[in-house]
Amino acid sequence: MTGRSLLGPGEEDDDPAPSGPVRPDPVRPDPAGLTDLPESDPPDHDPPASPDPPGVPVTMRAAYVDRLGPAEDIRVGELVVPAPAPDEVLVRVEAVAVNPVDTYIRSGRYRTPLPGFPFVVGRDLVGVVEACGVAADAFVPGQRVWTNGLGYAGRQGAAAEYAVVPVDRLYPLPDGLDPVRSVAVFHPAVTAYLGLFRHVGGVGPGDTVVVGGAAGNVGSSVSQLAAFAGARVIALARTEDATWCRKHGAAAVVDYRVEDLRERLAEEAPGGATVWFDTSGRIDLELAVEVLADRGAVVLVAGRPEPAALPIPLFYLKSLRLLGFVITTAPAAELADAARVVGAHLAEGRLDVRIGEVLPLDQAARAHQLVEHRVRGRVILVPRT
Ligand SMILES: NC(=O)c1ccc[n+]([C@@H]2O[C@H](COP(=O)([O-])OP(=O)(O)OC[C@H]3O[C@@H](n4cnc5c(N)ncnc54)[C@H](OP(=O)(O)O)[C@@H]3O)[C@@H](O)[C@H]2O)c1
């Protein structure tokens, strides 16, 4: 998380105009984002850029905010179904995941350009192609697809009955996969893949990966992907989560609360670890530097705002690397590569994540609250139940 504003010139800042009452009328997106129509100008008098595809209604249910703020501000109401631009695809949404970052964007804690208000929340969806823009011929109506590219960097979000997705951020979903399980896996697994294979440069047989927060969503994905690649995984997790962790890639589970954590890790990784991948935000960098073997890497995807102590001499004497990243700034080509690998694992019946709650779209505000209160497992919204 950075305190630096990522807003572009003229974008909404952290002090947006106060919202008015809920409008009963639907609104239609314009090319620059979403602009409310005057009440005297119903949406059917304002045709989209391309003709409405047959069978697609004019309006849809969507979970949106009129300003950045608390989860309770999320409204569920009617918006106009967006029309795909030439390089976009209109998707009928089957399931949407709620990620921690979705709550940071909704609250204004993480700054990213917004398309305007109403802003539909959400990043990840699984759905079915309804219509393709004229330059989106890589997809066909009826095809199952997924993305985690909505709801940031100026794009509208996923938590609606329909969404438009740019073709470079839309991926075919392998046949026969359950939408809820697939959408649940996507964000944590892509994060894990980017960390292990893009930023670290890959792990395999002979490598030892310590996973902080191994019983969590991202941690479970890190453990599984590292284990599939042949690495030995040491999970840091509560003893009561040992069975989950062992089932999901861990060769050893060490309770992060034990007093002799240093000794336990030395026993489990006598030659030192290759990677310490922290997803808990609570890493002890001194311990990690001690546990890592020469040329090892620390991967950070979460953390508290306070500075952390890094033992610099031992860090450079061991030629270690400290790697942080955020999926939100990953280039489209990296995300597409990750989606291909994650999809292949899913098609093989591999990659699992805990499902916490599956809720109807109407409960989008509650879904955000659950994620903010760190409910265990993934929270999924289903637009049509
Ligand atoms: N940078 C990125 O691109 C990116 C992408 C995705 C997610 N994230 C971030 O990654 C973090 C994890 O997300 P998630 O969905 O995996 O959350 P999660 O399911 O809640 O997992 C977090 C894990 O951290 C563990 N933990 C909490 N306190 C700990 C401590 N003191 N010591 C050791 N472990 C501790 C928890 O263990 P217990 O269950 O035992 O409490 C839990 O298993 C979030 O902050 C999220 O925002 C970042």
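Start by selecting C245: leaving aside residues up to four places away in sequence, C245 touches A214, A215, A235, A237, A250 and V253, where a contact means heavy atoms within 4.5 Å. You are looking at a predicted model, in which local features need pLDDT of at least 70, side-chain atom pairs count only at pLDDT 80 or more, and totals for chains, interfaces and linings use all residues. Residues are numbered from 1 along each chain as its sequence is written, and side-chain values use heavy atoms, without hydrogens and water.

Buried means under 20% relative accessible area and exposed over 50%, with partly exposed in between (1.4 Å probe, protein chains only).

Helices are DSSP runs of H or I with at least four residues, and strands are runs of E with at least two, numbered from the N terminus.

Then go to G324 in strand β16, residues 321-324. Is G324 buried or exposed? G324 is exposed, with a relative accessible area of 53%. Select G195 too: its C-alpha atom is 8.4 Å from that of G324, although the two are 129 residues apart along the chain.

Finally, show the whole protein, with its nine helices and 18 strands. Of its 385 residues, 54% are buried.
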